Amino acid sequence: MKNLISMTILLLMTIQNSSALEKVNIQKLKNLYKRPSQYEIKNLLKLKDLQSEEVIELGKKLFFDPRLSGSKTMSCATCHQPMLHFSDGLPLAHGFKGVTLERKTPGLYNLLWAKKFMWDGRVDQLELQVKLPLYHPDEMHSLPEKTVMNLQAILEYEQEFKRAFPKSLPGELISEEHITLALAQFVKSLVAPVSAFDRWIAGDEKAISARAKNGFILFNTKARCAECHSGFRMTDDSLHDIGVVSYRENKSPDVGDGQYRFKTPGLRNIERLAPYFHNGSVPTLYDMIEFYNMGGKEKRPTLSEKMIPLGLSEDEKNDLVIFLKTLNSTLNMDFPRFRDP
Ligand code: HEC
Ligand code: HEC
């Protein structure tokens with residue numbers, strides 16, 4: 001009996017200690033996920049010698065304007081739809097004349113800080129990236145001169161470009177360089193709006209449930225997600241082979257960067273970005289956790305060492321899903337204002 005009591009006391013002490021320990025670690029962990037301030041975002045978006053806010057405003061107009069495309073029927077927003085956090089809900093994107101493209105349309109949040117673009121990270125500058133869909137025959141199917149000419153014929157754009165680039169000579173106003181700069185600045189201004197998770201990180205204990213909090217701890221510990229999905233944006237900006245199925249019917253496998261590696265995507269608003277991965281091969285968040293619980297599906301020699309079976313219980317899997325849903329936010333088409341009203 002005495003033994004049992006002392007064992008119980010010992011057990012209680014361990015639990016108390018471990019929960020105290022967890023508290024310290026949770027605070028430390030939470031600090032890693034803090035949102036950047038509006039001030040930091042505004043500073044990063046400022047363009048030297050240019051009307052930063054007007055450039056973004058112009059980029060927003062261009063992003064939604066099908067007159068940029070060869071057929072004048074497709075805009076960036078045909079695939080990158082605001083209501084779907086700038087993706088399209090399809091496993092693989094649908095291009096010009098309905099042709100199915102090779103990869104899924106990614107969401108466009110938080111690219112202000114990104115170092116690599118495209119699923120395989122093959123582009124390192126957003127200003128170069130935005131040209132690819134513009135001129136791709138299966139996407140917007142335009143030509144540099146054609147896009148410029150299309151826009152020069154539209155009276156309101158003359159004013160818009162003047163506002164954004166007031167120091168330009170008239171002949172250089174509506175140019176490929178200005179179009180791509182404005183589009184890139186608009187994309188950069190798309191910072192994921194505040195979610196319940198952010199409110200919890202900022203100190204509101206009631207913002208998310210106990211199960212979501214447990215999911216967050218698992219995300220950073222046993223489930224190993226934070227080894228790659230770290231920080232406010234939940235990405236390490238690196239490429240990894242995580243064992244995604246590479247098989248494609250009637251086609252050679254998709255090898256990513258050549259070694260089956262793909263870019264770690266950010267996870268903000270992830271629930272609405274389904275189906276998942278570069279090929280849309282995973283339909284739900286629960287299936288996603290199953291995928292990681294198995295240590296990936298295709299075990300190639302290039303598989304990341306970080307991918308190992310996790311041994312998660314059913315409750316733990318569900319807690320992770322509950323946590324991931326706290327990253328949802330409502331749509332916000334506002335972007336930082338540079339000047340006070
Ligand atoms: C036909 C559909 C479609 C259209 C139209 C389209 N995109 Fe995309 N976009 C995609 C797909 C698919 C990818 C991923 C391609 C890849 O990784 O190989 C992508 C990737 C991107 C990326 C990289 C995101 C990242 O996380 O690396 C950006 C930025 C982007 N598009 C912006 C734009 C802009 C700006 C326009 C208009 C000029 C545009 N897109 C038009 C389908 C489209
Ligand atoms: C070794 C690095 C690594 C680890 C560990 C990792 N991920 Fe990923 N994650 C990636 C990469 C790379 C992709 C993109 C793969 C692709 O599209 O082929 C990805 C994609 C995803 C996606 C899909 C995103 C989208 O837009 O389609 C989700 C959701 C996700 N990971 C969640 C998790 C969770 C939850 C964990 C922990 C259980 C985890 N990841 C662990 C690297 C990792």
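Predicted model: local features only at pLDDT ≥ 70, side-chain atom pairs only at ≥ 80, totals over all residues.
**View 1. The shell around ligand 2.** Start with the residues that come nearest to ligand 2: Cys225, Cys228, Tyr276, His278 and Tyr292. They belong to a set of 26 residues around the ligand. Sorted by class, that shell holds 18 nonpolar residues, five polar ones and three charged ones. If you're looking for the element with the largest share, go to helix 12 (residues 285-293), which supplies three residues.

**View 2. Helix 3 against helix 8.** Here helix 3 (residues 52-63) meets helix 8 (residues 155-164), with axes that come within 8 Å and cross at roughly 150°. An angle over 145 degrees counts as roughly antiparallel, so that's how helix 3 runs relative to helix 8. The crossing of the two is left-handed. On the helix 3 side you'll find Glu54, Val55, Leu58 and Lys61, and they meet Glu160, Phe161, Arg163 and Ala164 of helix 8.

**View 3. Helix 11 across helix 13.** The axes of helix 11 (residues 210-220) and helix 13 (residues 314-325) come within 7 Å, crossing at roughly 100°. With 65 to 115 degrees counting as roughly perpendicular, helix 11 therefore sits roughly perpendicular to helix 13. Helix 11 brings Arg211, Ala212, Asn214, Gly215, Phe216, Leu218 and Phe219 to the contact, while helix 13 brings Glu316, Asp319, Leu320, Ile322 and Phe323. Split by class, the contact of helix 11 with helix 13 comes out as seven nonpolar, two polar and three charged residues.

How values were computed:
Residues numbered from 1 in each chain as written. Chains lettered and ligands numbered in written order. Near = placed C-beta within 6 Å. Helix = DSSP H or I, 4+ residues; strand = E, 2+ residues; numbered from the N terminus. Nonpolar A, V, L, I, M, F, W, Y, C, P; charged D, E, K, R; others polar. Axes fitted to C-alpha atoms, helices over the stretch in contact; angles between N-to-C directions. Parallel < 35°, antiparallel > 145°, perpendicular 65-115°, else oblique. Left-handed = near helix turned anticlockwise from the far one by under 90°. Contact = placed C-beta atoms within 7 Å.
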